[in-house]
Every structure is written in C-alpha cells, then in structure tokens.
Amino acid sequence: MNISALQKVRYEYKPKLPSILAGSIDDITIETGAPTEAISDMEELRGIFKNTYGKPLVTFSKGKNDKIKRQLKVGVILSGGQAPGGHNVIAGLFDGLKKGNSDSTLYGFSGGPSGLVENKTVILTPQIIDEYRNTGGFDIIGSGRTKIESAEQFAASLETAKKLNLDAVVVIGGDDSNTNAALLAEYFLANGSATQVIGCPKTIDGDLKNEHIETSFGFDTACKTYSELIGNLCRDTNSAKKYWHFIKLMGRAASHIALECAFQTQPNVCLISEEVEAKGMSLDQIVDQICDSISKRALNGDNFGIVLIPEGLVEFIPEIKKLIGELNDVIAANEKEFAQITNYVDQLYFLCSRLPECSYNIMQTLPPDIGQQFLMDRDPHGNVQVSRIETEKLLVGMVEKKLSERKANNKYNGKFSHQTHFFGYEGRCAFPSNFDSDYCYSLGFSAFVLIASGFTGYLSSVKNLTSPASDWVAGGIPLTMMMNLEQRHGSKKPVIKKALVELDGKPFKTFAEKRTIWAEKTCFMFPGAIQYFGPSEVCDSSTITLRLEHEK
C-alpha cells in the first residue's frame, strides 16, 4: 500500500489517555450516581424504554473490578456520515478489549447498521487496526445510513447477536444513530438477550452535546480544516480585493461549525441560524444584513469580503421552516405517488391543492433550480437534504438584486463580484487533529470499560476536555437521559435532542460583541493548516467554542 510521509508518521502517534485509563487495567472500577430522567416527555419515554430508562450516570475511578478481564466478543458499527477520528474510536475499543483479555474478539459490521441486520462482518485484527490508527475516514469497515426500525430489522439484529454470541454492540454515530442504539439496547433486553449496546458521540456538526458530552468527535478537526480554507480565501480576497466569497458550511441542524469558524477567521458576516429563528428574521431581512455590510465596506473602497452560511439556515427562517415542515408531511403522506412525478412543473401542480396557500406561494417564488432542491428525496430519518439546497446561491442572487435597487436609489456605489463555495465533505475525513485522535481513542477505550462492567444503553463519555488529557474524566451517560419526543414522518418518535447554539451562552455572546466591527473592517485571521508537531498550545488545543464554554 502506498502511504504518504504524514500517514506513516501518524501511524506511530500514541494517543493520550485520561490517567484512569492509562494505568493498570486491574485498577478501574465504577462509580454510579442517582437515577436520571429524560430532558422532557418523561412518562412517555419511560413507557417506551421500560428496561433502560432512568439509569445512573457512570464515572470511572481507581479500584478493583472483577469483570474487567473477562473474555468478550464485541461488534462495532460506523453509522451515518463520516467524522475525523472514527478509526481511533475503534482502535481504542480494540486495545481496551485486548488489554482486558487477549482472547477477546472485535467484529466490524460492514457498511453500517445494515451489517448488523445482514450479519456482514470482518474480524478486526492487530494488522488491520494498525493500518488505520490516527487516520481519517470510515473506510476500515465502511459506514451506512440504514435505520433499524422495522420489526424484521430488530429481529434480524438479535439473530446476528445470537449467532456471533456477542457480549456487546458499539454504535459510533450521531444523535439519530445513538437513538437507534438506545432502541436496540431496549429491544435486546425486552427479548431476553444479554447483548449490551454502547454508543459513541460522533458528528462534525457539534450538535450532540450536553453537560456530560462536551463535544462530539470530529468537530474539532472539521472546524480546523474549514477554517484553514476560509483563512486562505480571506487572504486571497484581501490580496485581489475584488470578490465577495459566500461560503456554506456543514451543520444541518445547528450553527456550531459556522460559529467556531467565525472565531478562527473573523469574517465580515456570519449567519447564525438559531438567532435567525429566535428573532423571526425573514429571508429579506437576512439579505439586508449582508447588503449592509457590503455597502459599508464599499464606502471604504473595500469591495470584497467573506460571508459564512450554516448549511441548515433555510430550516430556521420561519416562513421557509414552515414550508419545509409542510412539504415533509405532504411527501410522507403521498410518498409513492409523489415519487412517480419527476417534472418540476408537475410537482408544483401536485402540491397546489395539498400545501397551504402561503407556503405554495413561496414555492412559486423560488428559482426553479432551488425549488427542485427542496423536493429532493428525504434521508432515511425523514429530513430534507439541506446540503443539496444551494442556499449560498439563493442568497447571492437576492443580494445582487437588492444591491441593484440600492444603487438605483443612490444608497450603494460599490462593485459586487462574487464566488460561492460549499465546504462540507472536505472536512469529514481529514486526518484527525491531536485533540480528536486523543479524544476518540479515549471514547473507544471508555466504551470497552462500560461493556466489561456490564452496562447497556449508555453513551461513552469523556469530560474536562480543555484540560490536559491526563486530567480528562471518563465514564458513561444513559442514552435515555438525552431524549425527547419529536415529530418524524408524521408521528411522534423518541430522539436524542440536538444541541443548538445557545444565544445566551458565552460563545454566542462573545461573537455578538465582535461582529459589528468585523462587518465593516477587515479583521481576517489566518489559522493555517492543522499542526501535529510543536508546542501543545498549537497542536493539542481544543476549539475556541469549547474553551469559551469552560470559562467561568
């Protein structure tokens, strides 16, 4: 296999662990807290999760644990979109299993959750693991977006667990995937199976977090990757002085990536979806905000700049959010019939009598190519595929039109040239930063300790992440503790609640204090590429968002 010089060196990197996990395997015991509750809908969720609801928080500490060295058979699943560090979660899980008992076995389920349903496995060996340590991607076993939801799928998953005599299944995924993990843990117990289920918090979007899950893995690396690219464009536009760059960034349901990249690069405009929704901003008001910055900078002779746009912005604009919700319901209710209609004009005709008049009028005003993007196939979880909606191009077109109107009214005298970008897939499989390499390895090792200690229905947790890795606090959080009920496919479903940008939180408040200056002045920062060697403050640092959240 051909490998790069960096890949060769990264194979040799030894991830740092919390001190409790770095010591003797014989000296890790469990401390449990009081029973927990879901964040809302407690009674309904208690009824759904009869066997797994209300479990206590778990922390690891020094002490004797008779179970830690037992021989185990464990299966691991990579679920959903890729995130840097997934390979290290598997490496940490593998090393923990082998450290506990060299005869333990780790199966990789090929292609995501479907691998569990269809019993497609590969036995992960030291040779395989060593080829993927500290590398990006999910290609060690592949990923997939299959959702285990039908009775047949749950039964097939149980049959696979029985055939392989599995002690546990580890699901590495985001909020939807770990909701599936919680349902699987409940199903196994309800059907007399001893197979445990443990989750690991993955998503570059950063929306799987709470006081016990401080960040999801991959967020750090993705933000640093995007910020390097944004910084390059900042430098380029400050050199050429002729383009406004409209950059859409991944983040389907939350603006954490956009906010973190704003901290790292200081763009002229950064839209925060959660603020748009809270203020009830219309699409026209958002365009005005961008045009105000362009007009002010033009007065200084600066006909260039940077605009950051969260991927999921359209779902937070009140009139567009309402439209998408109504489209989702109509399409779900008429799925087979609608799937047969391929012409956009015919699709609009189909929707005419089924959508409320206000929403139908919005659909008619959208450019046809953008309108078609709103009607594309939903993902397996029923969500509109916002990454395929070219919000950046929609905004550019509207900005261009409004600037022409301002120019006609002598309210703008600049030049507007633009470029559009979407930074998404570029960050999902990057070489993980030292932070993500360490964090992911610790999550995998913690998952092993939870399994060996007999826990199920938990998410692996590592806290105190702004401190040196040796001071990180490892343990587990009950999956049901993070849940509520939400409308999906026309009915209420249990789901892990997404963590959005908190407008009263320290990160957003810090951003809000600075953005007025950024909107008019050129204050760009250039973070450069991810560094793996050098001073700890350069190589091992966490995100600015995480550091602000930890400030007293």
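The briefing below treats the cores and then the cavities.

This is a predicted model, in which local features need pLDDT of at least 70, side-chain atom pairs count only at pLDDT 80 or more, and totals for chains, interfaces and linings use all residues. Residues are numbered from 1 along each chain as its sequence is written, and side-chain values use heavy atoms, with hydrogens and water left out.

**Nonpolar cores**

- A nonpolar core is a set of buried Ala, Val, Leu, Ile, Met, Phe, Trp, Tyr and Cys residues joined through side-chain atoms within 4.5 Å, where buried means under 20% relative accessible area (1.4 Å probe, protein chains only).
- The largest nonpolar core has 114 residues, and Ile90, Leu93, Leu249 and Phe448 have the most contacts inside it.
- Helix H20 (residues 434-452) supplies the largest share of this core, twelve residues; helices are DSSP runs (H or I, at least four residues), numbered from the N terminus.
- A second, separate core comprises 48 residues, including Ile320, Leu323, Ile324 and Leu366.

**Cavities**

- A cavity is a set of points, on a 1 Å grid over the protein atoms alone, where a 1.4 Å probe fits but cannot get out; lining residues have an atom within 4 Å of a point.
- Three cavities of 30 Å³ or more are present, each volume being the space filled by probe spheres set on the points.
- The largest cavity holds about 70 Å³ of space, and Ile77, Pro113 and Asn180 are among its lining residues.
- Helix H8 (residues 175-190) gives the largest share of that lining, four residues.
- The second largest cavity holds about 50 Å³ of space, with Lys209, His256 and Glu549 among its lining residues.

Notes. Buried < 20%, exposed > 50% of the residue type's maximum accessible area, 1.4 Å probe, protein only. Helix = DSSP H or I, 4+ residues; strand = E, 2+ residues; numbered from the N terminus. 1 Å grid on protein atoms, 1.4 Å probe; cavity = no way out; pocket = protein on both sides within 12 Å on 5 of 7 lines; lining within 4 Å.
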